[in-house]
Amino acid sequence: WNKALQDALPVLRLLNEQGHEAVFVGGCVRDTVMGRELKDVDIATSAEPQQVMAIFPRHVPTGLKHGTITVMTDQSVYEVTTFRKESAYEQFRRPSEVQFVTDLEADLLRRDFTINAMAMRADGTLVDPFGGKDDLRQGVLRCVGEADARFQEDALRMVRAIRFAAEFQLQIELQTWQALKRHRMLLKHVAMERVGAEADKMMSGSHPERAAALFAASGLLGHTKVLLPQALLQLGAEDGSGEGALLSKPRGELVMALDELVQLKDADTRWTSLCLAVGMNPDDAWQLADALKFSNVRKSAIAAAVRIGNLMEPAIHRYLKQECSEEELRHEWLDAIIQEGRKDAGRWLTAVRTIPLLLAPPNDQPFDLVKAAPVADKLEQWLAAIPITAIRELAIGGKDVVRLLQKPEGPWVGQLLQQLLRAVVHRQVDNDRDSLLAFLKERPIDNGSEM
Ligand code: ATP
Ligand code: MG
């Protein structure tokens, strides 16, 4: 037993004591069989939701319609779901109503893949009617039952197939793969929230590069409900001919860039890299994040980091060709940081540090990787040395400026503060009250009107 399952055992036992069947199911069983660390522990039971709620006073009926009750113990929080079978699939989407059953095997039968259709009892016995353990041992991902039917019931399963095949380095079994390709057009019926959540898990997983390759090979990309940016669709070109060549970077470089993604820790940095690798502009990047139904915070973060890339790349290329000085490069960088913020600038820098290919000029000769590192070092140092990056971090505020210059408030105040920020960032003045006020008095700053 691993710790997470051990902690959850009392939940199974309490249900068992009341005469109900109760088991661990899904991902936690799969991960245990593989000897992996568990994320969350899901429980399935023959008890109906009302009975579950009666047994566990500390609960939240999070998915009552689907039979799911979230149960709180001193150890953790568990989703306890009544055994059910699904019927009446509509429009290739999940059923609107569920039918509770008392038979565990019927519940396992509704699950997507054999590796996800195993259960474990409180005494440690594995219930594995479809050979999930064998499939894991042989490295195979296989639908429970007939793949054609399963993908038609719920087209999201095609995306999940790719996620699990990538994450666990499994081969998609032939029937499953053929069915997937045959039904790929059904993906358009699936809500983008669900697709986006799966895509995000793939991108954050252990093998985003394999997920991208499988996605490309499956042809699924072209069948999402929303229009994806052209650049991303080109990633889905089934071979290196024709379409692949339209990418702003040669296909080989794109593949190399994808291979490096896994080194990046955070999902948004990986998304940023993907966007840069396929040559997206900030609007494309925003559109992609929007299509995947990411939060506004994430959409802006990804777009901002891509924008930094767009701002900096020309300067870096000029610098590398010795067409601009180090001072000019620094200047551009500081301005970009002021414009987009330290955090987003940092995210972009992390991406290009890890994947220097992202700095490769389009349609240029292969990039000299050795040259990129020292540039990134410089950018890193300059970023670290920046005292502040936002107006609100200035030691004086709008009121001080108005009082000092004795002019009525107006848009000029903001503009002036922006100039002060630039002056601080460019080290023309220290960020303390006296220095800033003295600086304002001594140096007439152009604020767009006479002072
Ligand atoms: P992860 O560890 O990434 O969360 P997971 O297997 O737990 O993987 P979930 O999306 O959390 O995946 O789903 C939990 C379980 O519910 C799955 O293991 C599977 O048995 C079942 N399941 C989830 N989505 C579907 C689906 N679309 N069709 C059939 N079964 C599904
Ligand atoms: Mg899970």
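Predicted model: local features only at pLDDT ≥ 70, side-chain atom pairs only at ≥ 80, totals over all residues.
Is glutamine 169 buried or exposed, and how many C-beta neighbours sit inside 10 Å of it?

The predictor gives the complex an ipTM of 0.99 and a pTM of 0.87. Averaged over the chain, pLDDT is 88, and 88% of the residues score at least 70. Over residues 239-247 the pLDDT stays under 50, and the model has 13 contacts for them beyond four places in sequence. Residues 447-451 also have a pLDDT below 50, with eight contacts in the model beyond near neighbours in sequence.

Now the overall picture. The chain has 451 residues, of which 40% are buried. Its secondary structure comes to 21 helices and 11 strands. If you take the contacts with a separation of 6 or more, 63% of them join residues 24 or more positions apart. The domain assignment lists domain 1 as 3-130, domain 2 as 266-386 and domain 3 as 391-442. Between the centres of domain 2 and domain 3, taken over C-alpha atoms, there are 29 Å.

Back to the opening question. Glutamine 169 has 12 C-beta neighbours inside 10 Å, so this residue counts as exposed. You will find glutamine 169 in the loop between helix H7 (156-167) and strand E11 (171-172). I picked this residue for its backbone: phi is near 55°, a positive value, and the residue is not a glycine. As a reminder, most residues other than glycine have a negative phi.

Glutamine 406 counts as exposed because 6 other C-beta atoms lie within 10 Å.

Let's move to the sheet. This is an open sheet of seven strands with mixed pairing, in the order E3-E4-E5-E2-E1-E8-E9. Strand E3 (59-63) and strand E9 (126-127) are the edge strands; each has a single partner strand, so one side of each lacks a neighbour in the sheet.

Strand E1 (residues 22-25) pairs with E2 in the antiparallel sense over four bridges, and phenylalanine 24 has isoleucine 43 as its bridge partner in E2. E2 also pairs with strand E5 (residues 77-82), this time in the parallel sense, over four bridges. Here isoleucine 43 stands opposite valine 80 in E5. Going on from E5, strand E4 (residues 68-72) runs antiparallel to it and is joined to it by five bridges. Isoleucine 69 stands opposite that valine 80.

Asp42 leads us to the ligand. Around ligand 1 we find Gly26, Gly27, Lys39, Asp42, Arg111, Asp112, Asn116, Ala117, Asp154, Leu156, Arg157 and Lys201. By class, that shell has seven charged residues, three polar and two nonpolar.

Phenylalanine 113 lies in the loop between helix H4 (104-109) and strand E8 (119-120). Because 26 other C-beta atoms lie within 10 Å, phenylalanine 113 is buried. Apart from neighbours within four places in sequence, phenylalanine 113 is in contact with Leu141, Arg142, Cys143, Val144 and Phe164.

How many of its 11 residues are buried? The count is 10, so H13 is largely enclosed by the rest of the structure. Among the buried ones are Asp268, Arg270, Trp271 and Leu274. After H13 comes glycine 279, with a positive phi near 75°.

Note on methods. Residues numbered from 1 in each chain as written. Chains lettered and ligands numbered in written order. Near = placed C-beta within 6 Å. Nonpolar A, V, L, I, M, F, W, Y, C, P; charged D, E, K, R; others polar. Helix = DSSP H or I, 4+ residues; strand = E, 2+ residues; numbered from the N terminus. Buried ≥ 20, exposed ≤ 12 C-beta atoms within 10 Å, placed from the backbone. Contact = placed C-beta atoms within 7 Å. Domains from an automatic or database assignment. pLDDT = per-residue confidence, 0-100. Pairing = 2+ DSSP bridges.
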